[in-house]
Amino acid sequence: MKAGVGLSLESYISKLSQWLFTKGRHCTDPYRIISGWLDNDSKRKTAAKPKERQGCDLSWYDDFAMNFDLSKFF
């Protein structure tokens, strides 16, 4: 199991211990719980990534700006 989502494996184990203590439960399969948290955190991180901005072609702008006649407006 690899904790590549910003939290270390030790922090997930600590999180599990705190969760079990606060809920008053015992755990028979800590691997399943922690790997589920890792999957959820990974999906959340992937969903939170900003979408790449699409660029636009402004090659026409230089020609337009250099040849624009302002005398029509003044």
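Helices (H or I, at least four residues) and strands (E, at least two) are taken here as DSSP runs, numbered from the N terminus. The model is predicted, so that local features need pLDDT of at least 70 and side-chain atom pairs count only at pLDDT 80 or more, whereas totals for chains, interfaces and linings use all residues. Residues are numbered from 1 along each chain as its sequence is written, and side-chain values use heavy atoms, with hydrogens and water left out.

The protein chain contains three helices and zero strands, and its elements follow the order α-α-α from the N terminus on. Burial was assigned from relative accessible area, with buried meaning under 20%, exposed over 50% and partly exposed in between (1.4 Å probe, protein chains only). A contact is defined by heavy atoms within 4.5 Å. Of the contacts in the protein chain with a separation of 6 or more, 49% are between residues 24 or more positions apart.

Helix α1 comprises 15 residues and extends 21 Å from its first C-alpha to its last, close to the 21 Å expected at 1.5 Å a residue; the expected span is 1.5 Å times one less than the number of residues in the helix. Within α1, the residues Y12, L16 and L20 are buried. Because these residues cover an arc of only 75° around the axis, they lie on the same side of α1, the arc being that of the directions from the helix axis to the C-beta atoms. The other side of α1 carries the exposed residues E10, Q18, F21 and T22. Just after α1, a positive phi of about 65° is adopted by G24.

A nonpolar core is defined as a set of buried Ala, Val, Leu, Ile, Met, Phe, Trp, Tyr and Cys residues joined through side-chain atoms within 4.5 Å. The largest such core has seven residues, namely Y12, L16, L20, I33, I34, W37 and L38. Two or more residues of this core are given by each of the elements α1 (9–23) and α2 (30–48), and α2 gives the most, with four residues. When residues up to four places away in sequence are not counted, L16 touches C27, P30, I33, I34 and W37.

One aromatic pair is present in the structure. Rings of Phe, Tyr and Trp (its six-membered ring) are paired if their centres lie within 6.5 Å, and planes under 30 degrees apart count as stacked, over 60 as edge-to-face and the rest as tilted. The pair is formed by W19 and W37 in an edge-to-face arrangement, with 6.0 Å centre to centre and 90° between the planes. Because W19 belongs to helix α1 and W37 to helix α2, the pair ties together parts that are 18 residues apart in sequence. W19 is partly exposed, at a relative accessible area of 29%, while W37 is buried, at 16%.

S17 is located in helix α1 and P30 in helix α2. These residues, S17 and P30, are separated by 13 residues in sequence and by 9.6 Å in space, C-alpha to C-alpha. Both count as partly exposed, S17 at 44% relative accessibility and P30 at 38%. Y31 is likewise found in helix α2, but is exposed, with a relative accessible area of 52%. The C-alpha atoms of Y31 and I13 lie 9.5 Å apart in space, and the two residues are 18 residues apart in sequence.
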